[in-house]
Amino acid sequence: MKFTFVTLFPNLIEPYFYDSILKRAVEDNFISYEFYNPRNYTENKHKKTDKQMVGGGAGMLMTPQPLFDCLDEIKIKNPDAYIIFPLAAAKPFNQKDAKRLAKKKNIVIVSGRYEGIDERVIEKYANEVFSIGEYILTGGELPSLVMADAISRNVQGVLGNADSLVMESYENNLLEAPSFTKPENFQKLSIVKEFLKGNHSKIADLKNNLAICKTKYYRPGLITNKKIK
């Protein structure tokens, strides 16, 4: 799996791959990444990539020409490129999307800046658009990282133990059950006793029930199975 980040600020993204799980995933060739900067494609002598919006409005907008040329080159070099735009006005990105996109060969994520991107770029190049939440950020780099991280975890081999994915939140439309470590008692707070008894069947049932309770409390809309009460 290769991630291609289109961004004016590669330094906001690259350090995230310097440590922990994603660093090992890169070293072991499970994932790779590269950067394209639209500023390198602009025909403007001052290397500007933004202009005022037609029809008025505060702020500047990323212009089509640099992004058209940049994305055309990416598509020529990477015929399997699947292009994603993080947008505030888009459908929510979720775990099912992360798992599905983890099967792609090359994910291209285009980070907007200023007041966004000229709509013609999105209309021509977007395979999908996603929002990571109902709030506005100063740029698309954080959403790009969020999606790249979520997708990477579902690429085969990235997590050392594939079972780590089985009981996570949003599997089977449930949040993950509470988890604990030893000691059994810490500052007068105790572990659920059944977790200490070694009966894995009972522990599994308990965790499932706790996951249902947690989901009903925090995210009741996730529960779609009418048998769950």
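Helices (H or I, at least four residues) and strands (E, at least two) are DSSP runs, numbered from the N terminus. With that in hand, welcome to the close-ups. This is a predicted model, in which local features need pLDDT of at least 70, side-chain atom pairs count only at pLDDT 80 or more, and totals for chains, interfaces and linings use all residues. Residues are numbered from 1 along each chain as its sequence is written, and side-chain values use heavy atoms, with hydrogens and water left out.

**View 1. Asp97 sits in helix H3, which covers residues 95-101.** Asp97 has a relative accessible area of 9%, so this residue is buried (buried means under 20% relative accessible area, exposed over 50%, partly exposed in between, with a 1.4 Å probe and protein chains only). Leaving aside residues up to four places away in sequence, Asp97 touches Pro92 and Phe130; a contact here means heavy atoms within 4.5 Å.

**View 2. The whole protein has 6 helices and 9 strands.** Its C-alpha atoms fill a box of roughly 70 × 40 × 35 Å along the principal axes. Of the 229 residues, 38% are buried. Among contacts with a separation of 6 or more, 73% are between residues 24 or more positions apart. The domain assignment gives domain 1 (2-154) and domain 2 (167-222), with bounds that come from an automatic or database domain assignment. The C-alpha centres of domain 1 and domain 2 lie 36 Å apart.

**View 3. The largest pocket holds about 520 Å³ of space.** On a 1 Å grid over the protein atoms alone, a cavity is a set of points where a 1.4 Å probe fits but cannot get out, while a pocket is an open set with protein on both sides within 12 Å along at least five of seven lines; lining residues have an atom within 4 Å of a point. Grid points are joined across faces, edges and corners, and a volume is the space filled by probe spheres set on the points. The largest pocket is lined by 24 residues, and the closest to its centre are Pro86, Leu87, Ala88, Gly116 and Leu137. Strand S5 (81-92), helix H4 (119-125) and strand S7 (128-131) each supply at least two lining residues, and S5 gives the most, with 4 residues.

**View 4. UniProt lists a "binding site" in an unreviewed entry.**

View 5. Gly112 lies in the loop between strand S6 (106-110) and H4, and counts as buried because its relative accessibility is 13%. Not counting residues up to four places away in sequence, Gly112 touches Met62, Ile117, Gly139, Gly140 and Glu141. Ile136 has its place in the loop between S7 and helix H5 (141-152). With a relative accessibility of 71%, Ile136 counts as exposed.

**View 6. Arg219 is found in the segment after helix H6 (200-218).** Arg219 is partly exposed, as its relative accessible area is 38%. Arg219 and Ile122 are 97 residues apart in sequence, and 32 Å apart in space from C-alpha to C-alpha.

Key
UniProt positions renumbered as here; feature names shortened; annotations may be inferred.
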